[in-house]
Amino acid sequence: MTRPGGAWENWARTARIRPQRVEYPPTTSAVQRAVVAAARRGMRVKAVGSGHSFTDIAAAPDVLLELEDLTGLVRVDRDRARVTLRAGTRLHQIPRLLAPYGLAMANLGDIDRQSISGAVSTGTHGTGARFGGIATQIVGLRLVTATGDLLDIDEENHPELLPAVAVGLGAMGIIVEVTLQCVPAFLLHAVERPDPLADVLDGLEARAAADHFEFYWFPHTDVALTKTDTRLPESAVRRPLRPVGRWIDETLLANGVYRVACAAGMAVPAITPPFSRLAVRLTGDREYTDRSARVLTQRRTVRFREMEYALPAAQVAPAFREVRDLIADRGWRISFPIEVRFTAADELWMSTAYGRESGYIAVHRYFREDSTEYFGAVEEIMLAHEGRPHWGKLHTQDAASLRQRYPRFEDFTALRDRLDPERTFSNDYLARVLGE
């Protein structure tokens with residue numbers, strides 16, 4: 001289906017554009033036709049999933065392809081525990097699709113609203129020092145190129161391209177299918193508890209060695225809300241959260257009351273520190289065992305803006321301390337917590353974890369607040385600690401600075417020149433971060 005372009009806006013309301021045309025391709029051949037038609041007219045075309053990137057990486061200046069109809073399971077390879085999915089499939093749909101086969105994704109981020117193609121294209125990750133980002137689970141891709149042709153990339157077809165296109169930023173073509181290497185379904189035993197922030201930072205290396213570890217810190221407090229997950233076989237006993245308790249923690253407090261507090265903090269900033277201290281007393285102290293996807297992900301309805309940087313793992317604690325001191329020195333009232341997570345090194349050219357074990361520091365602000373000064377000051381700290389910005393989250397870096405941070409940057413742009421010489425898949429964001 002095609003309709004005249006209306007205004008498109010991402011979830012965070014940080015990107016807005018009015019494409020000339022919007023299409024809803026339900027099949028791979030429909031994507032091919034749309035790309036060919038756009039290229040003939042010299043129009044640029046971009047695909048979008050859920051619009052959950054905070055940057056304008058998916059903003060389409062001419063033709064927008066909404067992939068909401070290009071979803072579902074294509075095939076399953078039971079022997080190798082692999083599944084092929086259509087590109088628009090949302091992450092939260094995947095556990096249900098895998099369940100009949102006794103499979104699961106090896107790792108997930110804490111938000112599962114993204115499409116699988118958008119998640120891998122922007123380098124979305126979870127936490128776990130032995131596990132890479134979602135793109136490291138990719139063993140095959142089907143891409144519609146700028147000529148409208150299909151390019152299969154897997155172990156048998158152009159395997160040398162997989163490290164380049166797995167985190168492709170949408171610059172190489174339109175992903176229409178993704179093949180995932182899955183694992184047997186498993187449970188996670190989660191322990192969430194508040195710990196002294198100083199103790200967590202001093203022992204961060206040991207804590208990060210757990211299967212999955214992360215922590216949140218509300219500024220104006222001295223407590224870290226830690227979460228440690230241990231992997232168990234699916235045959236282990238499930239002890240999920242009670243529905244009422246989960247609703248109180250995750251719907252009433254974490255979303256409902258918190259939304260009111262953020263809005264009130266804009267009008268009266270002085271209430272933010274006492275509310276943050278109250279928040280760490282009321283939340284973050286529970287223990288449960290459940291299916292992996294239910295433990296790794298959470299539902300967030302309070303709208304926010306986010307900047308996240310990947311650092312060498314050893315740089316996380318010193319960088320975090322500098323951010324903590326920055327907030328205190330500037331006297332800012334920050335209502336959203338800072339989040340810290342870890343991933344394994346990988347060999348994907350444009351992955352934030354390329355070639356190094358990585359830790360991530362993410363800062364947030366309520367979407368109605370001006371994040372410019374806060375994010376800008378934090379970004380300076382991240383850059384001083386060899387940081388690489390998450391492609392789907394706010395940052396100010398351009399091709400000149402990013403070229404110094406990615407050893408395969410020139411190889412990536414050379415491949416882009418080969419696959420999309422006319423820049424059919426470009427937009428302002430890609431022009432900034434990749435250059436022209």
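Two exercises with worked solutions follow.

The model is predicted, so local features need pLDDT of at least 70 and side-chain atom pairs count only at pLDDT 80 or more, while totals for chains, interfaces and linings use all residues. Residues are numbered from 1 along each chain as its sequence is written, and side-chain values use heavy atoms, with hydrogens and water left out.

**Exercise 1.** Find which residues of helix α8 are buried and where they lie around the axis.

Step 1. Helices (H or I, at least four residues) and strands (E, at least two) are DSSP runs, numbered from the N terminus. Helix α8 covers residues 272–282.

Step 2. Buried means under 20% relative accessible area, exposed over 50%, partly exposed in between (1.4 Å probe, protein chains only). In α8 the buried residues are Thr272, Pro273, Ser276, Ala279 and Val280.

Step 3. These residues span an arc of only 115° around the axis (taken from the directions from the helix axis to the C-beta atoms), so they lie on the same side of α8.

**Exercise 2.** Identify the salt-bridge partners of Asp290 and state how accessible each residue is.

Step 1. A salt bridge is a side-chain nitrogen of Lys or Arg within 4 Å of a carboxyl oxygen of Asp or Glu.

Step 2. Arg238 pairs with Asp290 at 2.9 Å, N to O. Arg238 sits in the loop between β16 (223–233) and α7 (243–267), and Asp290 in strand β17 (residues 286–291), 52 residues apart.

Step 3. Arg294 also forms a salt bridge with Asp290, at 3.1 Å between the closest N and O atoms.

Step 4. Asp290 is buried at 0% relative accessibility. Arg238 is partly exposed at 34%, and Arg294 is partly exposed at 42%.
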